[in-house]
Amino acid sequence: MKKKLQLSGIFIVLLIVFTIGMKGTFDGYYGFYYENNNYDKPLAYVISENFALSKPINMFTSYTGFDTGYGFYAPNVASDFVMSFELKDKNGTLLEQKTMPYFKSKESRVRYTTVFNMFLDKISDKNTYDRKYYQYLDIIIRQIAEHVMKENPKASSVTTKLYLSDYPTIADFKQGRTNENLILIDEFKH
């Protein structure tokens, strides 16, 4: 009985990974070749999309990272987020401004920078998550802010701002505009 339960668990996880991969492949193909055209989705695409967007599967893939895809193989520049922190003392005097907490290991830095991929869900109009998922994203930002505040014992408040980098287009670059802009996505005061 225990073996059957383990095998069924493995089968379910493999089914989820395969279906999410299939949906990602369809999204990439149809998003690239049919971006501005209307088209009929094949049955396999519709089934994988409905499966991936169902509430339990959607939450599972978001929390485990199964829905991140393989965008690092793509030629496009990935979206880049910047989180800034302003630490103030009890009198409101600015103590410190920083864009990254202190980390003891390289793995922590990598985990910190990869968590930003989830924040794309805050600005995408294609994703329709329930309110609790957005609250979960807010909790992540607050936890990071608390960690930053603990680094400076004189700090009594921290303002956290989440920005999305807006890189210049090729046309802008050819005209000499090379500066990136930052678009404010969210702001928290703690």
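F85 stands opposite T160 in strand β3. Strands here are DSSP runs of E with at least two residues, helices are DSSP runs of H or I with at least four, and both are numbered from the N terminus. This is a predicted model, in which local features need pLDDT of at least 70, side-chain atom pairs count only at pLDDT 80 or more, and totals for chains, interfaces and linings use all residues. Residues are numbered from 1 along each chain as its sequence is written, and side-chain values use heavy atoms, with hydrogens and water left out.

Start with the strands around that pair. β1 and β3 (residues 157–166) pair in the antiparallel sense, over eight bridges. Two strands count as paired if DSSP finds at least two bridges between them. β3 also runs antiparallel to β4, and eight bridges join these two strands.

Axes are lines fitted to C-alpha atoms, for helices over the stretch in contact, and angles run from 0 to 180 degrees between N-to-C directions. In a regular strand, side chains alternate between the two faces of the sheet.

How many residues of β3 are buried? Eight of the 10 are, so β3 is largely enclosed by the rest of the structure. Buried means under 20% relative accessible area, exposed means over 50%, and partly exposed lies in between (1.4 Å probe, protein chains only).

Next, follow β1 to its other partner. β1 (residues 81–88) and β2 (residues 94–98) pair in the antiparallel sense over four bridges. E86 stands opposite Q97 in β2. The two strands form a hairpin, with five residues between them. G92 sits in the turn and has a positive phi of about 90 degrees. G92 is partly exposed, at a relative accessible area of 41%. Along the chain, G92 and S156 are 64 residues apart, yet their C-alpha atoms are separated by 8.6 Å.

D138 belongs to α6. Is D138 buried or exposed? D138 is buried, with a relative accessible area of 17%. Not counting residues up to four places away in sequence, D138 touches K122, D186 and F188. Contact means heavy atoms within 4.5 Å.

The salt bridges come next. A salt bridge is a side-chain nitrogen of Lys or Arg within 4 Å of a carboxyl oxygen of Asp or Glu. The structure holds four of them. One joins E151 and K98, with the closest N and O atoms 2.4 Å apart. This pair links distant parts of the chain: E151 is in α6 (residues 131–151), K98 is in β2, and 53 residues separate them. E151 is partly exposed, at 28% relative accessibility. Which residues do salt bridges with shared partners join into one network? They are E96, K98 and E151. Within it, the side chains of K98 and E96 meet at 3.7 Å, N to O. K98 counts as buried, at 16% relative accessibility, whereas E96 counts as partly exposed, at 27%.

Another salt bridge joins the side chains of E49 and K41, at 2.8 Å, N to O. E49 is buried, with a relative accessible area of 17%. K41 is partly exposed, at 35%.

Finish with a pair of helices. Two packed helices are described by the angle between their axes and the distance between the axes. α2 (residues 43–53) and α3 (residues 55–64) pack at an angle of about 75 degrees, and their axes are 5 Å apart. α2 and α3 are therefore roughly perpendicular to each other. Angles from 65 to 115 degrees count that way, those under 35 count as roughly parallel, those over 145 as roughly antiparallel, and the rest as oblique. F51, A52 and L53 of α2 make the contact with K55, I57 and N58 of α3. By class, this contact has four nonpolar, one polar and one charged residues. Nonpolar covers Ala, Val, Leu, Ile, Met, Phe, Trp, Tyr, Cys and Pro; charged covers Asp, Glu, Lys and Arg; the others, Gly among them, count as polar.
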